[in-house]
Amino acid sequence: QVQLVESGGGLVQPGGSLRLSCTASGSLFSIDTMGWYRQAPGKQRELVATVTTGGSRNQADSVKDRFTVSRDNAKNTVYLQMNSLKPEDTAVYYCYARRARWPPADYWGQGTQVTVSS
């Protein structure tokens, strides 16, 4: 019912920046949370940052001072501005959305690769 399309991934040097975008389409009623998770090779998928329609944010401590999640509700788009990138940030980044109404549901994008390397 909900489709999430990501863009903006790529290869960047340590210390560089990238901006990811994710636009949602489909049945968007009661989508209250959008944001980003990531999964590095050999690791579990982990929270990066999320934001609600009201502007409340939940961010991983490891990226809180470097990454910023933002949302344009009118465009159904969520962004992740990534600065001061480190090799440890290398992962597939997944856009995420949550439906609050019954039954609750989670939606995921297909993922976009971010590689931080010299």
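With which residue does glutamate 46 form a salt bridge? The partner is arginine 38, and the closest N and O atoms are 2.9 Å apart. A salt bridge here is a side-chain nitrogen of Lys or Arg within 4 Å of a carboxyl oxygen of Asp or Glu. The model is predicted: local features need pLDDT of at least 70, side-chain atom pairs count only at pLDDT 80 or more, and totals for chains, interfaces and linings use all residues. Residues are numbered from 1 along each chain as its sequence is written, and side-chain values use heavy atoms, with hydrogens and water left out.

The search of the whole structure returned 4 salt bridges. Arginine 38 also pairs with aspartate 89, with 3.0 Å between the closest N and O atoms. This pair links distant parts of the chain, 51 residues apart: arginine 38 is in strand S4, and aspartate 89 is in the loop between strand S8 (77–82) and S9. Strands (E, at least two residues) are DSSP runs, numbered from the N terminus. Arg38, Glu46, Arg66 and Asp89 are linked in a network of salt bridges.

Burial was assigned by relative accessible area (buried under 20%, exposed over 50%, partly exposed in between; 1.4 Å probe, protein chains only). Arginine 38 is buried at 6%. Aspartate 89 is buried at 1%. Glutamate 46 is partly exposed at 37%.

A further salt bridge joins arginine 98 to aspartate 32, with the closest N and O atoms 2.8 Å apart. Arginine 98 lies in strand S9 (residues 91–99) and aspartate 32 in strand S4 (residues 31–39), so the pair ties together parts 66 residues apart in sequence. Arginine 98 is partly exposed at 34%, whereas aspartate 32 is buried at 19%.

Note on methods. Helix = DSSP H or I, 4+ residues; strand = E, 2+ residues; numbered from the N terminus.
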